[in-house]
Every structure is written in C-alpha cells, then in structure tokens.
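This briefing goes through one structure by topic. The sequence and coordinates come first, and the notes follow.

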Amino acid sequence: MSLLLPPLALYIHVPWCVRKCPYCDFNSHGVGSGASLPEEAYLAALIADLDADLPLAAGRELVSIFIGGGTPSLMSADFYGRLLDAISARLTFADDIEITLEANPGTVERGRFAGYRTAGINRLSIGVQSFQDAQLSELGRIHSGDEARLAVAEARQAGFDNLNLDLMHGLPGQTPALALDDLDQALALSPEHLSWYQLTLEPNTEFHSRPPVLPEEEALWDIQELGHERLEAAGFARYEISAYARPGRAARHNLNYWRFGDYLGIGAGAHGKLSAHDDHGFHVERRWKTRQPEAYLRRHDDPRGFVAGREPISPEELPLEFAMNALRLVEGVPLSTWSAHTGRPLDRLQASLEAARKKGLLVEDGERLQASPQGLLFLNELLALIDA
C-alpha cells in the first residue's frame, strides 16, 4: 500500500475587514473605513508563525498559496511583496505555483491591484456576491455593482489574466430572473473562474439570529438548475459543487483541499492539515492558530507559540474526512488514492461502494470514487453509506 505524501499548499489569513457582513462566519473583525492596520507587526508575526511550522514542510514544495480573510486587500502591496519574499526564501515554490489574493471591489483597495501583481500574486478572487445594489445592501456589502465592474477592469489593466468572481444566490428577495441577471453580468466580464454558491444561514452570524426572508425552495431549485445551464452554455465546466471554470482554470488551491492535500495555515485563526507516515503508521493532524488578532500578535513573543490547538484525525475518521472532500469534486478522485490518503486498504471500501452504486449515488466506474449527479444533490446520504 503506497503512502506518498500529498501536495502541500499554504493558507494565509488576514483577519481584518471594513465591516463584518451579517452572513459571514469567517474569522473577520471589522475595523471601520480608513483604519490603520498593524502591517509591520502582522508581517513579523506571520513570518515567525511560518518559521515555527517549517519542520512540518521539510523537503516539500508549495503548489499554491491562498491569502484569505477578512479582506486581504486592505493590506498594502509592499506588505505582500515582503511576505512572499520571506516565504520563497524558506520554502520551494513549484514552477507553476498559483498565488491567490481575495479582494473586495471597494474603492479603497482597487488602486493596489497593480502593486499586488508586481508583488507576485498571479490570481485574484473578487468578492462580488451580487451586481444588484439593493441586494448588496441587504448583504451588508460596502460596494456597488458599478464598483464591482470597475474592479474587474482595473484587475485586467494590472495584468491579471486569472480572475475568480465570487457570486451568491438564494439571496433575500431574489427571484430566478435576478439570480440569472447576476450570472449574465458576471459572464459579460469574462472571468476565468466563478464561485457560485447559495447563501446559508450559519451559526454565530447576524443572519442566523435575525434571519432574512429567503426564496422558497422551489425558486432555489429553479435558480440552481437554470444557473447551471447558463454557465455550461457559456463554456464553464462545473468541477466542484459550487465552482465553475474555463478549461484549465480550476483553482489549484481549492483542488488541493478537495483532493485531501496538505496545507500549512498561518495567521490569526488559520487552519492547517498535515499528513505523515513513519514506523508507527499513517497520521493526519489538523492544527489551528490563535484566533483573535490582538492575541495572535502577542503570541509572537510567547513561548507557547501561535498554535491554539491540534487534533489528530483518527484512523476511524479518515475515510469519512477524505470522502467529504473528494466527493465534492464532480470528477471525483481515482480510487487508487484511497489507501494513500486514509491508510486503509481499498478492499474494505468495496461493500460501501456497491451499496452507494445500487442507490444511484455513485458513478458506475470501478476506477474512480465519483458522485453521480444524484449523489451531488444528496451528498450527506452518500457520505453516510461511505462511512458505514
């Protein structure tokens, strides 16, 4: 049974934003417009955080870097240039490394796009969410539809040829016609990638405690079905439940997640997942860093370091953890990767596979672990069978 280590990525978290959105359950902290952020202190902390994690990445190259938030585009281009220089001095970059920065379309950040490109960032993910000003207001966003279009234009002028647009559907008061109009406006901007996902009311958010009126279930089904057709007709292939890309433009960082690859996580509240195998067997561990920005910055001089917690994934949990990720991919994964990622022989999965195929939840392919269209719709039922 081959137990090769999976590819390695790096996630960097920037926790600050102008204003916390009512649907957001990420580790983000509103600071208001025009606030001064502790760039120097945070840069030093990130580098120290990475240095502490370097033994976990010994001899492995980075295939991707993703800078998320919060609103990472609140930080200067100089901040990212120095950070990426520090990372490349410590870790080997793959020749075709993908380095993504999440950006908001607000006017505060847009002027920095050219600087980000010069710093080495080669992919932007722009949080549009909607082009309808009324719905942007409902979502607590601080930009307009016009500003979103201007942001894309400036990104192109800055030399970015790999753009993702984040769009949401199932918004308060949204009709299928409005949802499709958002898609049409996004497609008119010719992005290479679209993340198109349904608004959900997550715990510990304002929307969860004071839920807005969302479209009825029948309207949600119509939006999803018509939207999928519109995107495919425009040349976008759906490769993950909520992700669409032009040929060759699937997000490498996200693919690494779904294929159960490894990733270091640095920054306030960042999570990581690392695999190892030794004389004692196969191990996978999740780690997470101190969540509150002020506390994270104090950890720079704390002998405890930046790690707030760590948790091994037990051998019993690994099959479900792997399947939860891999089965989100439309193409699935080769069955041959099962043992490498779970440490378990493939023959122990065969009964579960047969049960899922009989229910029409898996594609009839003896070489792949791949959900059928029905399986993608009823993923929890499929996962329950895999976990049986």
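Aspartate 387 counts as partly exposed at 42% relative accessibility, where buried means under 20% relative accessible area, exposed over 50%, and partly exposed in between (1.4 Å probe, protein chains only). Aspartate 387 sits in the segment after helix H16 (379-386); helices (H or I, at least four residues) and strands (E, at least two) are DSSP runs numbered from the N terminus. The model is predicted: local features need pLDDT of at least 70, side-chain atom pairs count only at pLDDT 80 or more, and totals for chains, interfaces and linings use all residues. Residues are numbered from 1 along each chain as its sequence is written, and side-chain values use heavy atoms, with hydrogens and water left out.

**Positions and C-alpha distances**

- Aspartate 387 and leucine 264 are 27 Å apart in space, C-alpha to C-alpha, and 123 residues apart in sequence.
- Alanine 351 belongs to helix H14 (residues 350-358) and is exposed, at 63% relative accessibility.
- Alanine 94 is part of strand S5 (residues 93-103) and is buried, its relative accessible area being 6%.
- Alanine 94 and leucine 379 are 33 Å apart, C-alpha to C-alpha, at a sequence separation of 285 residues.

**Salt bridges**

- The structure holds 21 salt bridges, each being a side-chain nitrogen of Lys or Arg within 4 Å of a carboxyl oxygen of Asp or Glu.
- One of them joins the side chains of aspartate 53 and lysine 289, at 2.8 Å from N to O.
- Aspartate 53 lies in helix H1 (residues 39-53) and lysine 289 in strand S13 (residues 281-289), so this pair ties together parts that are 236 residues apart in sequence.
- Aspartate 53 and lysine 289 are both buried.
- Aspartate 53 and lysine 289 also belong to a network of salt bridges that links them with Asp49, Glu285, Arg287 and Arg310.
- Glutamate 192 and arginine 156 form another salt bridge, with 3.1 Å between the closest N and O atoms.
- This pair links distant parts of the chain, 36 residues apart: glutamate 192 is in the loop between helix H7 (176-188) and strand S8 (193-198), and arginine 156 is in helix H6 (residues 145-157).
- Glutamate 192 is buried at a relative accessible area of 12%, whereas arginine 156 is partly exposed at 28%.
- Arginine 259 pairs with glutamate 331 in a salt bridge whose closest N and O atoms are 3.2 Å apart.
- Here too the pair links distant parts of the chain, 72 residues apart: arginine 259 is in the loop between H10 and strand S11 (262-267), and glutamate 331 is in the loop between helix H12 (318-326) and strand S15 (333-334).
- Arginine 259 is partly exposed, with a relative accessible area of 36%, and glutamate 331 is partly exposed at 40%.

**Second largest pocket**

- The second largest pocket has a volume of about 280 Å³.
- Of the 14 residues lining this pocket, Pro6, Pro7, Asn256, Arg259 and His341 are the closest to its centre.
- Helix H10 (252-258) and helix H13 (337-342) are the elements that give two or more residues to this lining.
- A pocket is an open set of points on a 1 Å grid over the protein atoms alone, where a 1.4 Å probe fits, with protein on both sides within 12 Å along at least five of seven lines; lining residues have an atom within 4 Å of a point.
- Grid points are joined across faces, edges and corners, and the volume is the space filled by probe spheres set on the points.

**Nonpolar surface patch**

- Trp221, Leu377 and Phe378 form a nonpolar patch on the surface, together presenting about 300 Å² of accessible area.
- Such a patch takes residues with over 30% relative accessible area and no salt bridge, nonpolar side chains (Val, Leu, Ile, Met, Phe, Trp, Tyr) being joined within 5 Å.
- Accessible areas come from the Shrake-Rupley method with a 1.4 Å probe, and for residues only the protein chains shown count as cover.
- Leucine 377 is in helix H15 (residues 373-377) and is partly exposed, with a relative accessible area of 47%.

**Cysteines**

- With a disulfide taken as a pair of cysteine sulfur atoms within 2.5 Å, the count is zero.
- Cysteine 21 is in no disulfide, and the nearest cysteine sulfur, in cysteine 24, is 6.4 Å away.
- For cysteine 24, the closest cysteine sulfur is that of cysteine 21, at 6.4 Å, which is too far for a bond.
- Cysteine 21 is buried at 12% relative accessibility, and cysteine 24 is buried with a relative accessible area of 12%.

How values were computed. Patch = residues over 30% accessible without salt bridge, like charges linked within 9 Å, V, L, I, M, F, W, Y side chains within 5 Å.
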